[in-house]
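Here is a short briefing on selected local features. Please keep the sequence and the 3D view open while reading.

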Amino acid sequence: QNMLEELLIHKPDDPIQFMIDHLKRNNDDAPRICVLGPPASGKTTVAMWLCKHLDAIRVSHETLLFKEILARTKEAQAYKERKEKIPNALWANLIQERLSNVDCIKQGWILEGFPENQEQAWMLQSSGIFPRHVVVLYAPDTVLIERNSGKRLDPLTQEVYHTTFDWPDDLRVQQRLVKPDLSEEEMSKKLLEYHRNFPDVFQIYQKVLKSINADQPSVDVLSQVRTYVQTRHRSAAPFTPRILFCGPPGSGKSLQAALIAQKYGVVNICCGQLLKEAIADKTKLGELVKPYVDSGYPVPDNLVMKILAERLSALDCMTNGWVLRGFPRDIEQGEQLQKLCIIPNSNHNITYMKNLFMERFSSLWTLYR
């Protein structure tokens, strides 16, 4: 998917060589995460924690301006020194250059505080930068303003502490902590700007975005973040379910298949029922099957396969998908299914203990005797 996205964006003259280079260079399993949220919501803490646990590269305002030597770093620093707002295009250029480095490609990246607005998000997308997970931290403004007043920064490690909630035990760390130069008035302006810009960013990333309440113990916040970034998103590509249930008699295959068919609107297929319907409809295959069923002999696999293949190729099965139980019963039947290109994309084997098997059938015998 990532390779296809880059093909559409870059439109190389030699697409085959482009794909070969992509496969040599890229690691599609590497994390690509954005950590967003208002000021003092804990973005830095979450981003640094993720970097430690995922061995990824953290990219933030501070790292881009003061820790990296990029082509346009000095230009961005000049804006910062003049206390002017750095243009979105310049931020996007810095991010694109940093994320194209080998360490970000191989290890993955945690983008902290970016994108800040819709324009930045569009610029990142046009550069082929698509986060796989977007974590958004939120908390009431009153809580964030109070947090900012007690916030302390370690200039050596860039870790963030708080005078009330998270004070370091190490005296040396305590002595070098500094208070961020952000007044309550400036904090209020930043919050206002964030609330104005965030809805547009949310619309762009809503399919890969998870909002997490930051007004709770940090352990709980980090646990929820880690759970989310470890999930895999379902593909947006069209998907036709082909489900197979296997298991011994009395294991509940029929019930589970019926429930799945009812919930998801797929066609419920049972080989035994198909044979009976073929006989009742007096089809050619049904007439061939009837002598075996009447005499109690097993129906030959080639006849069963023809009836099953005909049913599974019907329009409703091709469109809505199907759930099949009771077939195949052995390896040979499974191999014949594969030869006909009838390959399930979801297989479930239902098992249970022997004593439960006897209990179930004893109950059925009591019910129907």
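Glu116 sits in the loop that links strand 3 (109–112) to helix 8 (118–126). The model is predicted.

**Glu116 and its surroundings**
- Glu116 has a relative accessibility of 33% and therefore counts as partly exposed, since that class lies between the cut-offs of 20% and 50%.
- Beyond its neighbours within four places in sequence, Glu116 is in contact with His61, Trp91, Asn197 and Val201.
- With His61, the link is a polar contact between the two side chains, at 3.0 Å.
- Asp181 is 65 residues from Glu116 in sequence. The C-alpha to C-alpha separation of Glu116 and Asp181 is 20 Å.

**Helix 14 against helix 16**
- Helix 14 (residues 271–280) and helix 16 (residues 301–312) have axes that come within 10 Å and cross at roughly 95°.
- Helix 14 is therefore roughly perpendicular to helix 16, because angles of 65 to 115 degrees fall in that class.
- Helix 14 contributes Cys271, Leu274, Leu275 and Ala278 to the contact, and helix 16 contributes Val304, Ile307, Leu308 and Arg311.
- By type, the residues of this contact are seven nonpolar, no polar and one charged.

**The ends of helix 18**
- At the start of helix 18 (residues 331–339), Asp330 places a side-chain oxygen within 3.2 Å of the backbone nitrogen of Glu332.
- After helix 18 comes Cys341, with a positive phi near 60°.

Notes. Residues numbered from 1 in each chain as written. Predicted model: local features only at pLDDT ≥ 70, side-chain atom pairs only at ≥ 80, totals over all residues. Heavy atoms only, no water. Helix = DSSP H or I, 4+ residues; strand = E, 2+ residues; numbered from the N terminus. Buried < 20%, exposed > 50% of the residue type's maximum accessible area, 1.4 Å probe, protein only. Contact = heavy atoms within 4.5 Å. Polar contact = N/O pair within 3.5 Å; in protein donor to acceptor, adjacent residues only side chain to side chain. Axes fitted to C-alpha atoms, helices over the stretch in contact; angles between N-to-C directions. Parallel < 35°, antiparallel > 145°, perpendicular 65-115°, else oblique. Nonpolar A, V, L, I, M, F, W, Y, C, P; charged D, E, K, R; others polar.
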